Amino acid sequence: MASLCRQILRANAFRSVILPTARRGYADKMMPDPLEHATGLERKELLALQAGNDDPFNMKVVKKSAGTRENPTLVPSCFDARIVGCICEEHATAITWLWLHKDQPRRCECGHWYKLIEKPLL
Ligand SMILES: [Zn+2]
């Protein structure tokens with residue numbers, strides 16, 4: 001009788017300890033979420049992407065607005081200055097580069113105006 005009780009206890013111990021451990025072992029072999037390992041800027045970028053911001057560092061091309069002095073194309077930046085590349089004509093083969101400084105709207109040689117606007121850091 002004592003032997004039977006030991007066998008039942010072992011079987012219960014197997015079910016309660018060994019099987020869940022085996023299942024966890026399978027889960028441990030899956031690839032971890034990159035967000036758990038990312039730090040610094042990479043983590044901020046992943047969190048911004050998760051929040052729905054697909055361009056956290058403003059790397060996408062900005063569509064030109066009217067481009068007049070009163071209604072310039074707004075260029076976001078976290079810094080006091082930024083380089084802007086203007087494609088002056090639709091089929092231009094070269095880009096006109098110009099520095100844009102905070103509180104100083106600037107006119108490209110094609111006549112288009114740009115203005116730097118402040119953007120908060122991530
Ligand atoms: Zn231009």
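Along the chain, the donors of the zinc ion follow the spacing C-x1-C-x19-C-x1-C, where donors are N, O and S atoms within 2.8 Å of the metal (3.2 Å for Na, K and Ca), and water is not among the atoms, so sites may look incomplete. The model is predicted: local features need pLDDT of at least 70 and side-chain atom pairs count only at pLDDT 80 or more, whereas totals for chains, interfaces and linings use all residues. Residues are numbered from 1 along each chain as its sequence is written, and side-chain values use heavy atoms, with hydrogens and water left out.

The zinc ion is coordinated by the SG atoms of Cys-86, Cys-88, Cys-108 and Cys-110, at 2.2 to 2.3 Å. The angles among the four donor atoms are 104 to 112°, and the site is tetrahedral; four donors count as such if all angles lie between 85 and 135 degrees. Cys-108 counts as buried because its relative accessibility is 2%, whereas Cys-110, at 37% relative accessibility, counts as partly exposed. In these terms, buried means under 20% relative accessible area, exposed over 50%, and partly exposed in between (1.4 Å probe, protein chains only).

Strand 2 (residues 81-86) pairs with strand 3 in the antiparallel sense over six bridges. Strands (E, at least two residues) and helices (H or I, at least four) are DSSP runs, numbered from the N terminus, and two strands pair if DSSP finds at least two bridges between them. The bridge partner of Ala-81 in strand 3 is His-101. In a regular strand the side chains alternate between the two faces of the sheet. Strand 3 (residues 96-101) has a covered face formed by Thr-96, Leu-98 and Leu-100, and an uncovered face formed by Trp-97, Trp-99 and His-101.

Two salt bridges are present in the structure, each defined as a side-chain nitrogen of Lys or Arg within 4 Å of a carboxyl oxygen of Asp or Glu. Side chains of opposite charge can pair when their charged atoms come close. Glu-118 is exposed, with a relative accessible area of 63%, while Lys-102 is partly exposed at 37%. The loop between strand 3 and strand 4 also holds Asp-103, which has a positive phi of about 65° although it is not a glycine. Asp-103 is exposed, its relative accessible area being 66%.

The other salt bridge is formed by Asp-54 and Lys-60, with the closest N and O atoms 2.7 Å apart. Asp-54 is exposed at a relative accessible area of 52%, whereas Lys-60 counts as partly exposed at 48% relative accessibility.

Asn-53 is placed in the loop between helix 3 (40-50) and strand 1 (73-77) and counts as partly exposed, at 33% relative accessibility. A polar atom of the Asn-53 side chain lies 3.1 Å from the backbone nitrogen of Asp-55. Asn-58 is likewise found in the loop between helix 3 and strand 1. The phi of Asn-58 is near 50°, a positive value in a residue other than glycine, and Asn-58 counts as buried because its relative accessibility is 18%.

How values were computed: Four donors count as tetrahedral if all angles lie between 85 and 135 degrees; four count as square planar and six as octahedral if opposite donors are over 155 degrees apart and all others between 65 and 115; anything else is irregular. A polar contact is a pair of N or O atoms within 3.5 Å; within protein, one must be able to donate a hydrogen and the other to accept it, and residues adjacent in sequence count only if both atoms are side-chain atoms.
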